[in-house]
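Please look over the chain shown here before reading on.

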Amino acid sequence: MVGGVFMPKTIALERGLEDLAGFLSARGYNTIMYDDRIENADVIIYNRNEMDNCLTQLNTNFIAQQGSPSANNTGALLINAHNKTYNQILYTIERGLYSPL
């Protein structure tokens with residue numbers, strides 16, 4: 001909340017999660033596909049059943065767009081959408097809980 005006005009979270013989603021983006025947009029969240037940009041994302045949602053290079057790629061993209069982590073950068077909540085329902089993901093976003101890696 002800024003100046004008494006609700007500021008919706010910006011959620012960056014991996015390509016292929018467009019239906020989830022629509023579900024979250026309908027609930028008032030700003031959604032972007034993270035191959036476009038990640039800057040200012042509060043939440044990053046990816047879909048992997050194996051971690052392979054996913055976090056390395058996310059970290060590389062995030063730093064390239066926002067610069068190195070600093071005291072002013074609060075970071076982003078990472079959520080793996082694999083085997084989760086839309087409501088489980090929404091619950092995680094609303095509670096700020098971390099998804100197991």
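Leaving aside its neighbours within four places in sequence, T92 is in contact (heavy atoms within 4.5 Å) with L77, I79 and L97. The model is a predicted one, in which local features need pLDDT of at least 70 and side-chain atom pairs count only at pLDDT 80 or more, while totals for chains, interfaces and linings use all residues. Residues are numbered from 1 along each chain as its sequence is written, and side-chain values use heavy atoms, with hydrogens and water left out.

**T92 in its helix**

- T92 is placed in helix α3, where helices are DSSP runs of H or I with at least four residues and strands are DSSP runs of E with at least two, both numbered from the N terminus.
- T92 counts as buried because its relative accessibility is 11%; buried means under 20% relative accessible area, exposed over 50% and partly exposed in between, with a 1.4 Å probe and protein chains only.
- The side chain of T92 also reaches the backbone oxygen of Q88, at 3.0 Å.

**The pair α1 and α3**

- Two packed helices are described by the angle between their axes and the distance between the axes.
- The axes of α1 and helix α3 (residues 86-95) come within 11 Å and cross at roughly 55 degrees, the axes being lines fitted to C-alpha atoms, for helices over the stretch in contact, with angles running from 0 to 180 degrees between N-to-C directions.
- That angle makes α1 oblique to α3, since angles under 35 degrees count as roughly parallel, over 145 as roughly antiparallel, 65 to 115 as roughly perpendicular and the rest as oblique.
- On the α1 side the contact is made by D19, L20, F23 and L24, and on the α3 side by Y86, N87, I89, L90 and I93.

- E14 lies in the loop that runs between β1 (10-13) and α1 (18-25), and E14 is buried, with a relative accessible area of 12%.
- A polar atom of the side chain of E14 lies 2.7 Å from the backbone nitrogen of N47.
- When its neighbours within four places in sequence are left aside, E14 is in contact with M33, Y34, I45, Y46, N47 and R48.

**The loop between β2 and β3**

- D42 has its place in the loop between β2 (30-33) and β3 (43-46), and D42 is partly exposed because its relative accessible area is 33%.
- D42 touches P8, K9, T10, A76 and L77, not counting residues up to four places away in sequence.
- The C-alpha atoms of D42 and K9 are separated by 5.9 Å, although the two residues are 33 residues apart along the chain.
- N40 also lies in the loop between β2 and β3, and N40 counts as exposed, at 57% relative accessibility.
- Between the C-alpha atoms of N40 and A76, which are 36 residues apart along the chain, the separation is 8.6 Å.

**The chain as a whole**

- The secondary structure of the chain comes to three helices and four strands, and from the N terminus on the elements run β-α-β-β-α-β-α.
- Of the 101 residues of the chain, 33% count as buried.
- Among contacts in the chain with a separation of 6 or more, 53% are accounted for by residues 24 or more positions apart.

Note on methods:
A polar contact is a pair of N or O atoms within 3.5 Å; within protein, one must be able to donate a hydrogen and the other to accept it, and residues adjacent in sequence count only if both atoms are side-chain atoms.
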